[in-house]
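Morning, everyone. I have one structure for you today, and I will keep this short. Have a look first, then I will walk you through it.

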Amino acid sequence: MSKVKEVDDRFKRFGTVSFTSITKTNDFIDYLEKGHVMGTRCKDCGLNFFPPRSDCHQCLSSNMEWFQITGAGKLVSYSKLEFAPIGFQEDVPYCIALLDYGEFKVFGRISDDVPEKEIKVGMEMKTAVNTLPNGQLNYVFKKS
Ligand SMILES: [Zn+2]
């Protein structure tokens with residue numbers, strides 16, 4: 001009898017091109033499938049992480065819990081990409097951005113349905129799950 005080792009590679013479903021298929025935070029994908037963008041919080045010191053991490057660099061604990069990214073973050077900065085890295089050539093132009101949620105920040109892409117002229121540093125945006133045409137999952141920033 002041969003025993004096949006099962007590999008938890010749920011993370012390969014993330015993003016236009018997934019460069020990572022295995023992480024300790026694979027549940028992130030299950031939450032995306034349910035429509036929730038999640039970060040992790042250290043239960044020992046309270047530090048919030050996005051992208052989610054399973055180990056805390058502040059207190060070295062692995063006692064983590066999931067929390068949902070809800071409400072609005074403030075647009076700190078954004079950049080319009082005219083040239084894309086390998087795997088993203090079909091997507092340009094698009095805007096990458098950073099939202100400040102106070103205790104953590106979220107880096108991601110602004111949704112295509114937000115007109116560029118309406119994008120302003122300091123505006124409030126929300127983070128939402130997005131399904132790509134190829135079935136992959138990611139999250140995007142939308143108008144709040
Ligand atoms: Zn901690």
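Start with Cys95. Its relative accessibility is 8%, so Cys95 counts as buried, the cut-off being under 20%. Keep in mind that this is a predicted model.

Now, the cysteines in general.

Cys42, Cys45, Cys56 and Cys59 are the protein donors of the zinc ion. Each donates through SG, and the donors lie 2.3 Å from the zinc ion. What is the geometry of the site? Tetrahedral, with angles of 102 to 119° among the four donor atoms. For reference, the ideal angle for four tetrahedral donors is 109.5 degrees.

Along the chain, the zinc donors follow the spacing C-x2-C-x10-C-x2-C. Look at where two of them sit. Cys42 lies in strand β1, residues 38-42. Cys56 is in the loop between β2 (48-49) and β3 (64-68). So the pair ties together parts that are 14 residues apart in sequence. Is this pair buried or exposed? Both Cys42 and Cys56 are buried. For Cys56 the relative accessibility is 3%, which is why it counts as buried.

Step back along the chain to Gly35. This glycine is found in the loop between α1 (27-33) and β1. Gly35 is partly exposed, at a relative accessible area of 44%. Take Ile22 as a reference point: it is 13 residues from Gly35 along the chain, and their C-alpha atoms are separated by 21 Å.

Next, the barrel. It is closed, it has five strands, and the order is β4-β5-β6-β8-β7. The pairing is mixed. On average, neighbouring strands of this sheet are turned by 45° against each other, direction ignored.

Let me go through some of the pairs. β4, residues 72-81, pairs with β5, residues 94-100. That pairing is antiparallel, over seven bridges. Ser77 stands opposite Leu98 in β5.

β4 also pairs with β7, residues 124-131. Again the sense is antiparallel, here over three bridges. Gly73 stands opposite Met125 in β7.

Then β7 with β8, residues 137-143. These two run antiparallel and are joined by seven bridges. Which residue in β8 is the bridge partner of Lys126? That is Lys142.

Definitions and conventions:
Residues are numbered from 1 along each chain as its sequence is written. This is a predicted model: local features need pLDDT of at least 70, side-chain atom pairs count only at pLDDT 80 or more; totals for chains, interfaces and linings use all residues. Side-chain values use heavy atoms; hydrogens and water are left out. Donors are N, O and S atoms within 2.8 Å of the metal (3.2 Å for Na, K and Ca); water is not among the atoms, so sites may look incomplete. Four donors count as tetrahedral if all angles lie between 85 and 135 degrees; four count as square planar and six as octahedral if opposite donors are over 155 degrees apart and all others between 65 and 115; anything else is irregular. Helices (H or I, at least four residues) and strands (E, at least two) are DSSP runs, numbered from the N terminus. Buried means under 20% relative accessible area, exposed over 50%, partly exposed in between (1.4 Å probe, protein chains only). Two strands pair if DSSP finds at least two bridges between them. Axes are lines fitted to C-alpha atoms, for helices over the stretch in contact, and angles run from 0 to 180 degrees between N-to-C directions.
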